[in-house]
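Please keep the sequence and the structure in view while reading.

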Amino acid sequence: MAAPRKLAAGNWKMNGMRGALSEIEALARAHNGSRAEIVICPPATLIAAAAQAGGSVVAIGGQDCHRLDSGAHTGDISAPQLRDAGASHVIVGHSERRTNHAETDAMIADKAIAAHEAGLVTIICVGETEAERDGGETLDVIAGQLAGSVPECATAENSVIAYEPVWAIGTGRTPTNDQITEVHALLRERLMQRFADGEDFRLLYGGSVKPSNASEIFALANVDGALVGGASLKESDFSAIIAALNES
(Lines give C-alpha, C1' and ligand atoms only; values in the text may rest on other atoms or scores of the structure.)
Protein backbone atom coordinates (compact mmCIF):
# COMPACT_ATOMS: atom_id res chain seq x y z
CA MET A 1 0.00 0.00 0.00
CA ALA A 2 1.23 3.50 -0.82
CA ALA A 3 2.35 5.63 2.12
CA PRO A 4 -0.45 7.86 3.47
CA ARG A 5 -0.29 11.43 2.27
CA LYS A 6 1.42 13.70 4.78
CA LEU A 7 -0.69 16.39 6.42
CA ALA A 8 -0.09 19.97 7.53
CA ALA A 9 -3.07 21.17 9.59
CA GLY A 10 -3.44 24.68 10.96
CA ASN A 11 -5.63 25.47 13.98
CA TRP A 12 -6.47 29.16 14.07
CA LYS A 13 -8.29 28.82 17.41
CA MET A 14 -10.23 32.02 18.31
CA ASN A 15 -8.30 34.16 15.84
CA GLY A 16 -9.14 35.60 12.46
CA MET A 17 -11.59 38.00 10.81
CA ARG A 18 -12.64 38.09 7.16
CA GLY A 19 -9.45 39.93 6.29
CA ALA A 20 -7.49 36.80 7.25
CA LEU A 21 -8.99 34.94 4.31
CA SER A 22 -6.22 36.45 2.22
CA GLU A 23 -3.77 34.18 4.08
CA ILE A 24 -5.71 31.12 2.89
CA GLU A 25 -5.84 32.47 -0.65
CA ALA A 26 -2.08 32.97 -0.53
CA LEU A 27 -1.58 29.41 0.71
CA ALA A 28 -3.68 28.08 -2.15
CA ARG A 29 -1.62 30.01 -4.68
CA ALA A 30 1.69 28.96 -3.15
CA HIS A 31 0.99 25.26 -2.76
CA ASN A 32 -1.00 24.15 -5.77
CA GLY A 33 0.44 20.69 -6.42
CA SER A 34 1.71 20.19 -2.85
CA ARG A 35 2.57 16.57 -2.06
CA ALA A 36 1.33 17.15 1.48
CA GLU A 37 -2.34 17.68 2.25
CA ILE A 38 -3.11 21.13 3.70
CA VAL A 39 -5.96 21.85 6.12
CA ILE A 40 -6.87 25.09 7.87
CA CYS A 41 -9.32 25.08 10.79
CA PRO A 42 -10.54 28.69 11.17
CA PRO A 43 -13.24 30.00 13.51
CA ALA A 44 -16.72 28.76 12.59
CA THR A 45 -17.64 32.25 11.37
CA LEU A 46 -15.14 31.89 8.51
CA ILE A 47 -15.65 28.28 7.42
CA ALA A 48 -17.91 28.90 4.43
CA ALA A 49 -15.80 31.76 3.10
CA ALA A 50 -12.57 29.89 3.84
CA ALA A 51 -13.78 26.91 1.82
CA GLN A 52 -14.16 29.24 -1.15
CA ALA A 53 -10.77 30.84 -0.53
CA GLY A 54 -8.96 27.51 -0.26
CA GLY A 55 -10.43 26.05 -3.41
CA SER A 56 -9.15 22.56 -4.18
CA VAL A 57 -5.75 23.19 -2.58
CA VAL A 58 -6.49 24.06 1.06
CA ALA A 59 -9.12 21.94 2.81
CA ILE A 60 -11.10 23.51 5.63
CA GLY A 61 -11.96 22.04 9.02
CA GLY A 62 -13.94 22.92 12.11
CA GLN A 63 -12.36 23.22 15.54
CA ASP A 64 -15.03 21.17 17.31
CA CYS A 65 -18.47 19.67 16.78
CA HIS A 66 -21.41 18.46 18.84
CA ARG A 67 -22.19 14.76 19.15
CA LEU A 68 -25.76 15.34 17.90
CA ASP A 69 -26.86 16.44 14.44
CA SER A 70 -29.29 19.11 15.66
CA GLY A 71 -31.29 20.25 18.66
CA ALA A 72 -31.54 22.76 21.49
CA HIS A 73 -27.81 23.29 22.03
CA THR A 74 -27.24 27.03 21.94
CA GLY A 75 -23.78 28.02 20.74
CA ASP A 76 -22.83 24.55 19.48
CA ILE A 77 -22.27 23.45 15.90
CA SER A 78 -23.00 20.00 14.50
CA ALA A 79 -20.89 17.90 12.18
CA PRO A 80 -23.52 18.05 9.38
CA GLN A 81 -23.55 21.85 9.72
CA LEU A 82 -19.76 21.93 9.32
CA ARG A 83 -20.03 19.72 6.26
CA ASP A 84 -22.81 21.90 4.84
CA ALA A 85 -20.63 25.00 5.31
CA GLY A 86 -17.83 23.45 3.26
CA ALA A 87 -15.65 21.75 5.88
CA SER A 88 -14.09 18.35 5.22
CA HIS A 89 -12.28 17.92 8.55
CA VAL A 90 -12.84 18.64 12.24
CA ILE A 91 -10.60 18.72 15.30
CA VAL A 92 -11.92 16.89 18.36
CA GLY A 93 -10.36 16.47 21.78
CA HIS A 94 -7.97 19.41 21.67
CA SER A 95 -6.44 19.98 25.09
CA GLU A 96 -8.04 23.42 25.31
CA ARG A 97 -11.46 21.79 24.89
CA ARG A 98 -10.58 19.04 27.36
CA THR A 99 -9.46 21.64 29.92
CA ASN A 100 -11.75 24.62 29.33
CA HIS A 101 -14.91 22.60 28.64
CA ALA A 102 -14.22 19.52 30.78
CA GLU A 103 -14.47 17.19 27.78
CA THR A 104 -13.93 13.53 28.58
CA ASP A 105 -12.56 10.79 26.35
CA ALA A 106 -16.09 9.39 25.98
CA MET A 107 -17.45 12.77 24.87
CA ILE A 108 -14.67 13.09 22.32
CA ALA A 109 -15.33 9.60 20.95
CA ASP A 110 -19.02 10.49 20.53
CA LYS A 111 -18.06 13.63 18.61
CA ALA A 112 -15.74 11.62 16.38
CA ILE A 113 -18.55 9.17 15.61
CA ALA A 114 -20.86 12.05 14.67
CA ALA A 115 -18.16 13.54 12.47
CA HIS A 116 -17.56 10.25 10.68
CA GLU A 117 -21.27 9.81 10.07
CA ALA A 118 -21.34 13.28 8.51
CA GLY A 119 -18.44 12.41 6.23
CA LEU A 120 -15.79 14.47 8.02
CA VAL A 121 -12.21 13.43 8.70
CA THR A 122 -11.44 13.77 12.40
CA ILE A 123 -8.19 15.04 13.84
CA ILE A 124 -8.29 13.45 17.31
CA CYS A 125 -5.94 15.06 19.82
CA VAL A 126 -4.13 13.48 22.74
CA GLY A 127 -1.50 14.93 25.06
CA GLU A 128 -0.17 15.09 28.59
CA THR A 129 0.13 18.04 30.98
CA GLU A 130 3.43 19.20 32.42
CA ALA A 131 2.59 17.61 35.76
CA GLU A 132 1.86 14.29 34.07
CA ARG A 133 5.11 14.50 32.10
CA ASP A 134 7.13 15.34 35.21
CA GLY A 135 5.38 12.54 37.10
CA GLY A 136 6.39 9.93 34.55
CA GLU A 137 2.78 9.34 33.51
CA THR A 138 3.03 10.39 29.86
CA LEU A 139 2.70 7.01 28.18
CA ASP A 140 -0.12 5.87 30.46
CA VAL A 141 -2.03 9.13 29.86
CA ILE A 142 -1.57 8.97 26.10
CA ALA A 143 -2.56 5.30 25.93
CA GLY A 144 -5.68 5.99 27.97
CA GLN A 145 -6.73 8.97 25.88
CA LEU A 146 -6.15 7.04 22.66
CA ALA A 147 -8.20 4.07 23.87
CA GLY A 148 -11.07 6.23 25.11
CA SER A 149 -11.20 8.95 22.46
CA VAL A 150 -10.82 6.98 19.23
CA PRO A 151 -14.07 5.14 18.37
CA GLU A 152 -14.32 1.68 16.84
CA CYS A 153 -15.51 3.21 13.55
CA ALA A 154 -12.17 4.99 13.10
CA THR A 155 -10.09 4.11 10.05
CA ALA A 156 -6.93 5.47 8.51
CA GLU A 157 -9.12 7.26 5.97
CA ASN A 158 -11.48 9.02 8.39
CA SER A 159 -9.18 9.66 11.35
CA VAL A 160 -5.87 11.35 12.08
CA ILE A 161 -4.21 11.29 15.51
CA ALA A 162 -2.43 14.41 16.77
CA TYR A 163 -0.03 14.30 19.73
CA GLU A 164 0.05 17.67 21.43
CA PRO A 165 1.92 17.83 24.74
CA VAL A 166 -0.15 20.38 26.64
CA TRP A 167 2.91 21.99 28.18
CA ALA A 168 4.38 22.76 24.74
CA ILE A 169 1.32 24.41 23.15
CA GLY A 170 2.00 28.09 22.62
CA THR A 171 4.88 28.12 25.11
CA GLY A 172 7.77 27.87 22.68
CA ARG A 173 8.90 24.71 24.46
CA THR A 174 9.26 21.51 22.47
CA PRO A 175 9.85 17.96 23.73
CA THR A 176 13.13 16.36 22.83
CA ASN A 177 13.26 14.27 19.69
CA ASP A 178 13.46 11.15 21.84
CA GLN A 179 10.32 12.17 23.74
CA ILE A 180 8.36 12.79 20.53
CA THR A 181 9.58 9.53 19.03
CA GLU A 182 8.64 7.58 22.15
CA VAL A 183 5.04 8.84 22.14
CA HIS A 184 4.56 8.39 18.39
CA ALA A 185 5.91 4.86 18.63
CA LEU A 186 3.35 4.12 21.35
CA LEU A 187 0.55 5.58 19.22
CA ARG A 188 1.56 3.46 16.25
CA GLU A 189 1.86 0.31 18.34
CA ARG A 190 -1.57 0.75 19.97
CA LEU A 191 -3.28 1.61 16.68
CA MET A 192 -1.79 -1.46 15.01
CA GLN A 193 -2.95 -3.63 17.89
CA ARG A 194 -6.50 -2.31 17.62
CA PHE A 195 -7.12 -1.59 13.95
CA ALA A 196 -6.39 -3.65 10.85
CA ASP A 197 -5.15 -0.49 9.12
CA GLY A 198 -3.41 0.92 12.19
CA GLU A 199 -0.12 1.14 10.32
CA ASP A 200 -1.68 3.63 7.90
CA PHE A 201 -3.13 6.14 10.40
CA ARG A 202 -1.43 9.50 10.02
CA LEU A 203 0.22 10.73 13.23
CA LEU A 204 0.72 14.47 13.62
CA TYR A 205 2.93 16.27 16.10
CA GLY A 206 1.67 19.54 17.56
CA GLY A 207 3.15 21.87 20.15
CA SER A 208 5.14 24.95 19.12
CA VAL A 209 5.90 23.69 15.61
CA LYS A 210 7.55 26.51 13.68
CA PRO A 211 9.71 26.97 10.58
CA SER A 212 12.92 26.70 12.60
CA ASN A 213 12.17 23.21 14.02
CA ALA A 214 9.82 21.70 11.43
CA SER A 215 12.41 19.82 9.36
CA GLU A 216 13.95 18.19 12.43
CA ILE A 217 10.54 17.07 13.72
CA PHE A 218 9.40 15.74 10.35
CA ALA A 219 12.51 13.59 10.11
CA LEU A 220 11.42 11.57 13.16
CA ALA A 221 9.87 8.11 12.83
CA ASN A 222 6.06 7.95 12.74
CA VAL A 223 5.65 11.71 12.33
CA ASP A 224 3.41 12.20 9.29
CA GLY A 225 2.83 15.93 9.66
CA ALA A 226 1.88 18.58 12.15
CA LEU A 227 -1.04 20.30 13.84
CA VAL A 228 0.11 23.90 13.99
CA GLY A 229 -1.28 26.74 16.06
CA GLY A 230 0.12 30.27 15.93
CA ALA A 231 2.48 29.61 13.04
CA SER A 232 -0.49 28.74 10.80
CA LEU A 233 -1.98 32.24 11.03
CA LYS A 234 0.49 33.72 8.54
CA GLU A 235 1.01 32.27 5.09
CA SER A 236 4.75 32.91 5.20
CA ASP A 237 5.24 30.92 8.42
CA PHE A 238 2.91 28.07 7.51
CA SER A 239 4.33 27.85 3.99
CA ALA A 240 7.80 27.24 5.44
CA ILE A 241 6.40 24.39 7.53
CA ILE A 242 4.56 22.92 4.52
CA ALA A 243 7.77 23.15 2.47
CA ALA A 244 9.66 21.27 5.17
CA LEU A 245 6.99 18.58 5.19
CA ASN A 246 7.10 18.24 1.42
CA GLU A 247 10.84 17.77 1.61
CA SER A 248 10.74 15.18 4.40
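A salt bridge joins the side chains of Glu96 and Lys13, with an N to O distance of 2.8 Å. The two residues belong to distant parts of the chain, 83 residues apart: Glu96 is in helix H4 (residues 95-100), while Lys13 is in the loop between strand E1 (7-11) and H1. Here a salt bridge is a side-chain nitrogen of Lys or Arg within 4 Å of a carboxyl oxygen of Asp or Glu. Helices (H or I, at least four residues) and strands (E, at least two) are DSSP runs, numbered from the N terminus.

The model is predicted: local features need pLDDT of at least 70, side-chain atom pairs count only at pLDDT 80 or more, and totals for chains, interfaces and linings use all residues. Residues are numbered from 1 along each chain as its sequence is written, and side-chain values use heavy atoms, with hydrogens and water left out.

By the salt-bridge rule the count comes to 11. One of these pairs is Glu23 and Lys234, whose closest N and O atoms are 4.0 Å apart. Glu23 lies in helix H1 and Lys234 in the loop between strand E8 (225-228) and helix H10 (235-247), so this pair ties together parts that are 211 residues apart in sequence. Helix H1 covers residues 21-30. Leaving aside residues up to four places away in sequence, Glu23 touches Trp12, Leu233, Lys234 and Glu235; contact means heavy atoms within 4.5 Å.

Asp64 and Lys111 also form a salt bridge through their side chains, at 2.9 Å from N to O. Because Asp64 lies in the loop between strand E3 (58-62) and helix H3 (79-85) and Lys111 in helix H5 (residues 105-117), the pair ties together parts that are 47 residues apart in sequence. Both residues also belong to a network of salt bridges that links Asp64, Arg97, Glu103 and Lys111.

The table gives the accessibility of the paired residues. Buried means under 20% relative accessible area, exposed over 50%, and partly exposed in between (1.4 Å probe, protein chains only).

| Residue | Relative accessible area | Class |
|---|---|---|
| Glu96 | 30% | partly exposed |
| Lys13 | 22% | partly exposed |
| Glu23 | 19% | buried |
| Lys234 | 46% | partly exposed |
| Asp64 | 12% | buried |
| Lys111 | 8% | buried |

In the pair of Asp64 and Lys111, Asp64 is buried and Lys111 is buried.
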